[in-house]
Amino acid sequence: MTAEAAATVPLLPATGAWQEGDAPGRRRWAVLEKPLPLEAGGALPGVRLAYETWGRLAPDASNAVLVLHALTGDSHVSGPVEPGHPTPGWWDGLIGPGSAVDTDRWFVVAPNVLGGCQGSTGPSSRRADGRRWGGSFPFLTQRDQVSAEACLADLLGIDRWAAVIGGSMGGMRALEWAVSRPDRTESLLLLACPPSASAEQIAWADIQLRAIRSDPHWRNGDYHDAGDGHGPHSGLGLARRLAHVTYRSEPELDARFGRAAQGDEQPWRGGRYQVESYLDHHAAKLVRRFDAGSYVTLTESMNSHDIGRGRGGTAAALSRVRARTLVAGVDSDRLYPPHQQAELAAGIPHADRLRTIESPYGHDGFLIETGQVGALVRELLDG
């Protein structure tokens, strides 16, 4: 079967299958035939990955680009609000005809990460016996998630990615692709991500995890089938508030909100400051669309990120990368500061100087500054 045919038929032999039509939106599903071995031990059965594609796969599969999302992202990188997708694509300005990733030229694949809650197998998924995984869902690492994505690539008939692109958690997985599968990664764009999770990053994550687990509706992760419709929404909202502060910069928050009150509210009499209202808004948005169990699973997988684990350390691991590489950091990023990207740029053999995205928006700059990111994408793909 040619790679072009594999991109159009609904069923693939031997190694797995595609499924369509069992949820709204343009998503498709890859179902793995065999249980996925996990780095922490054991194997995860019944794995399926949701994904979306744009463009057309070349007959020799040489034009495939893998785009990997951050913690609360999903496969809907580009496109409008539609059934199954309550928000527009999170990098909508970068992918499409004539865009930085020109889909008249490139075939773009964006999977929902293993452990997520937007169609891929995660804690809210049902096991073979019909029960939800819940708190029994196994511990995942970034390496497990990339192994699942490699199975997806096999199902699509893609032996080698022309480019792998990712930021934040997606950048961790992009780096893992290039280190663990150097022959399958031709070029690489790493945005606002580290070689390993630092103590401070793990500390911020720990507070978020404790906020969720201390919610009385957490029920040790087994809340999906509780029957009362109550999940750990307060804990997830609190985790999101904390995370969002780390995603932005202090100067930006001060310039936008200062000490102003929210509307007619009086902070001295139980009302809110504008910045508190802002955090409430983002917490409510996430609670409506994201599963707390997936937030815990993916946060723990980010804490496990260490590209040098079992590979002789960071320098030895980075020396494995054969891909032509661009590394960029956001100058105002206080969550994944630029010195971490500088270590990547210095250690990857075919990376040049560290690129800097200038932005007042902190870590979120890699999502917001689409003009600057688009220029890096064009440079990578045109190279």
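Ala239 is buried, its relative accessible area being 1%; buried means under 20%, exposed over 50% and partly exposed in between, with a 1.4 Å probe and protein chains only. This is a predicted model, in which local features need pLDDT of at least 70 and side-chain atom pairs count only at pLDDT 80 or more, while totals for chains, interfaces and linings use all residues. Residues are numbered from 1 along each chain as its sequence is written, and side-chain values use heavy atoms, with hydrogens and water left out.

Ala239 sits in helix α5; helices are DSSP runs of H or I with at least four residues, numbered from the N terminus. Which residues does Ala239 contact, leaving aside neighbours within four places in sequence? They are Gln208, Ala211, Ile212 and Tyr295, where contact means heavy atoms within 4.5 Å. Leu298 is 59 residues away along the chain, and its C-alpha atom is 13 Å from that of Ala239.

Other buried residues of α5 include Leu236, Arg240, Ala243 and Tyr247. The buried residues of this helix pack against α4 (199–213), α7 and α8 (292–303).

Two helix pairs can be set side by side. Axes are lines fitted to C-alpha atoms over the stretch in contact, and angles run from 0 to 180 degrees between N-to-C directions.

| Pair | Angle | Axis distance |
|---|---|---|
| α6 (250–257) and α7 (274–289) | about 110° | 9 Å apart |
| α2 and α3 (169–180) | roughly 70° | within 9 Å |

α6 and α7 are therefore roughly perpendicular, a label for angles of 65 to 115 degrees. Leu253, Arg256 and Phe257 of α6 meet Gln274, Val275 and Tyr278 of α7. α2 and α3 are also roughly perpendicular, and the residues that meet there include Val146 and Ala150 of α2 with Met172 and Trp177 of α3.

Finally, the cores: a nonpolar core is a set of buried Ala, Val, Leu, Ile, Met, Phe, Trp, Tyr and Cys residues joined through side-chain atoms within 4.5 Å. The largest has 47 residues, and Trp177 and Leu190 are among those with the most contacts inside it. Helix α2 (142–156) gives the largest share of this core, seven residues. A second, separate core of 30 residues includes Trp91 and Val377.

Notes: Helix = DSSP H or I, 4+ residues; strand = E, 2+ residues; numbered from the N terminus. Parallel < 35°, antiparallel > 145°, perpendicular 65-115°, else oblique.
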